[in-house]
Amino acid sequence: MPHNKTSTRTAHGAYAVGALALAVAVALVAPQAARASAFQLNENSAQAMGRAYAGDGAAPGDPSVVVNNPASMAWFKHSYLQVSATAIDFSSRFHGSATDALGQPVSGGNGGNAGGTIPVPAFFYLQPINEQWAFGMGVSAPFGFQTQYNPTWVGRYNAILSDFKSVDATFSVSYKVADNFALGASLIAQRTSADLTSAINFGSILAAPPFNLAPTFMPQSADGLAQIKGHNWKWGWQIGATWKPTERDTVAVLYHAKISQTLTGNATFTVPAQVQTVFAAAQLPLFQNTGGSAAFATPAYVNLSYWHVFNDRFSAGVQADWTQWSSFKNLTVVYANPAQPPSTEVFNWRNSHFISVGGDYHLSDTLTLRAGVGVDTSPTYQLTRDPRVPDATRRWLTVGLGYKPLDNFEINVGYAHLFVNNAHVNSESPTNDLLTGYYTNSADLLSASATYRF
């Protein structure tokens with residue numbers, strides 16, 4: 001999108017202070033909402049990863065249905081305990097440049113590899129109660145991401161560190177309505193935390209109206225730092241249904257309701273001494289450590305799973321997921337510091353989709369091979385994408401292996417490689433620093449689980 005770097009940015013200078021305060025608070029809550037598909041973690045089952053999550057709510061013998069579709073617990077005849085861990089290793093490198101409010105190049109490099117390796121644990125327990133009822137509980141991490149750039153890179157006014165984690169405790173029940181049909185429901189307790197940092201271009205703020213302190217202050221001449229930490233607990237729910245039209249076919253559908261939340265936290269600012277002097281002289285209590293909060297809702301989503309058993313050795317499935325990101329349109333932030341009025345940021349995300357096909361091949365009674373492919377779209381696009389999580393459409397290629405040394409014990413391993421489209425960005429900071437370019441991204445995932453049947 002073209003920019004008039006002289007007239008447009010100078011005209012916006014008067015709003016730089018308020019806009020920056022908004023962006024700091026937006027950073028506190030945006031990762032959960034902005035990164036659902038791009039930021040969402042489905043890595044709760046090594047079995048499902050091996051087949052690109054095809055049929056993850058309908059395939060038999062995987063206790064992760066406690067989360068993926070509680071209705072499918074109805075067909076488990078024994079108690080199960082499953083522990084898994086996934087390592088997500090991703091690479092994200094920026095190619096491009098940045099300019100400040102005057103159109104001058106921003107100093108610094110490309111930030112290095114903003115990616116890294118993050119662990120994703122999961123735990124599930126499933127217990128049949130009688131012929132009709134079953135209970136399950138699990139702990140999983142449905143959201144999580146971390147990007148970190150060199151602190152002096154060209155996009156430092158947009159982002160430096162983004163560390164986000166979400167942990168769910170899920171309590172599920174299922175009820176077998178008939179021999180071939182069951183319903184299920186889950187109550188979810190979710191804890192979300194965020195830790196984000198970015199540089200502040202105080203030179204641009206003080207050079208523009210209403211301060212007009214150029215040439216004493218110029219863009220990039222007085223950098224500060226903002227750090228935001230916040231967290232929240234909230235309850236949510238989901239319902240599911242599983243239908244077996246034949247002995248060889250299983251269809252499962254899950255509806256996960258949106259979760260309305262309010263993240264609260266603190267913003268901590270590092271302000272150069274000469275900038276503090278200016279604010280003090282103007283009697284403006286800006287960029288002081290303060291609290292903040294914002295109400296928002298994570299989107300509803302629907303998962304559809306299908307599984308078919310061809311014979312004693314081979315079975316396969318299909319997965320189709322839809323996330324209602326179009327419901328996330330804007331975000332209003334309220335500050336504890338009365339000098340900073342509430343502000344609204346517009347997002348306008350798109351709905352996202354995930355589709356995959358995969359299957360299992362039982363090589364023997366003790367060894368199972370798996371493989372799958374999938375496509376995962378992103379809710380972001382160039383006008384809404386930022387460097388905290390520069391995601392784009394991903395294509396999945398996966399393989400897996402299951403080993404069952406004992407009748408009641410099984411080990412599974414899954415591996416996935418993600419081919420990610422180039423993620424183009426045209427992201428403007430609150431102080432009108434424009435980051436333009438694209439990201440080359442890729443990811444490798446390795447998951448392992450141990451399942452014990454009582």
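The model is predicted: local features need pLDDT of at least 70, side-chain atom pairs count only at pLDDT 80 or more, and totals for chains, interfaces and linings use all residues. Residues are numbered from 1 along each chain as its sequence is written, and side-chain values use heavy atoms, leaving out hydrogens and water.

**Overall build**
- The chain holds seven helices and 19 strands. Both are DSSP runs numbered from the N terminus: helices are H or I with at least four residues, strands are E with at least two.
- The radius of gyration is 24 Å, close to the 22 Å that the globule rule gives for 454 residues, so the chain is as compact as a globular protein of that length. The radius is taken over C-alpha atoms, and the rule is 2.2 Å times the number of residues to the power 0.38.
- Along the principal axes, the C-alpha atoms fill a box of roughly 80 × 40 × 30 Å.
- Of the 454 residues, 54% are buried. Buried means under 20% relative accessible area, exposed over 50%, and partly exposed in between (1.4 Å probe, protein chains only).

**Strand pairing around β19**
- Strand β1 (residues 80-99) pairs with β19 (residues 434-453) in the antiparallel sense over 20 bridges. Strands pair if DSSP finds at least two bridges between them.
- Thr99 has Leu434 in β19 as its bridge partner.
- Strand β17 (residues 409-420) also runs antiparallel to β19, joined by eleven bridges. Here Val413 is partnered by Ala448.
- Strand β18 (residues 423-428) and β19 share six bridges in the antiparallel sense. One of the pairs is Val425 with Gly437.
- β18 and β19 form a hairpin with five residues between them.

- Most residues other than glycine have a negative phi, and most peptide bonds are trans.
- Asn432 goes against the phi pattern, with a positive value near 65 degrees. Asn432 sits in the loop between β18 and β19. Asn432 is buried, with a relative accessible area of 6%.
- Gln220 is not a glycine, yet its phi is positive, about 75 degrees. Gln220 lies in the loop between α6 and β6. Gln220 is partly exposed, at 23% relative accessible area.
- A cis peptide bond links Pro209 and Pro210, with omega about 10 degrees. Pro210 is in the loop between α6 (202-207) and β6 (223-246).
- The bond from Ala214 to Pro215 is also cis, with omega near 5 degrees. Pro215 is placed in the loop between α6 and β6.
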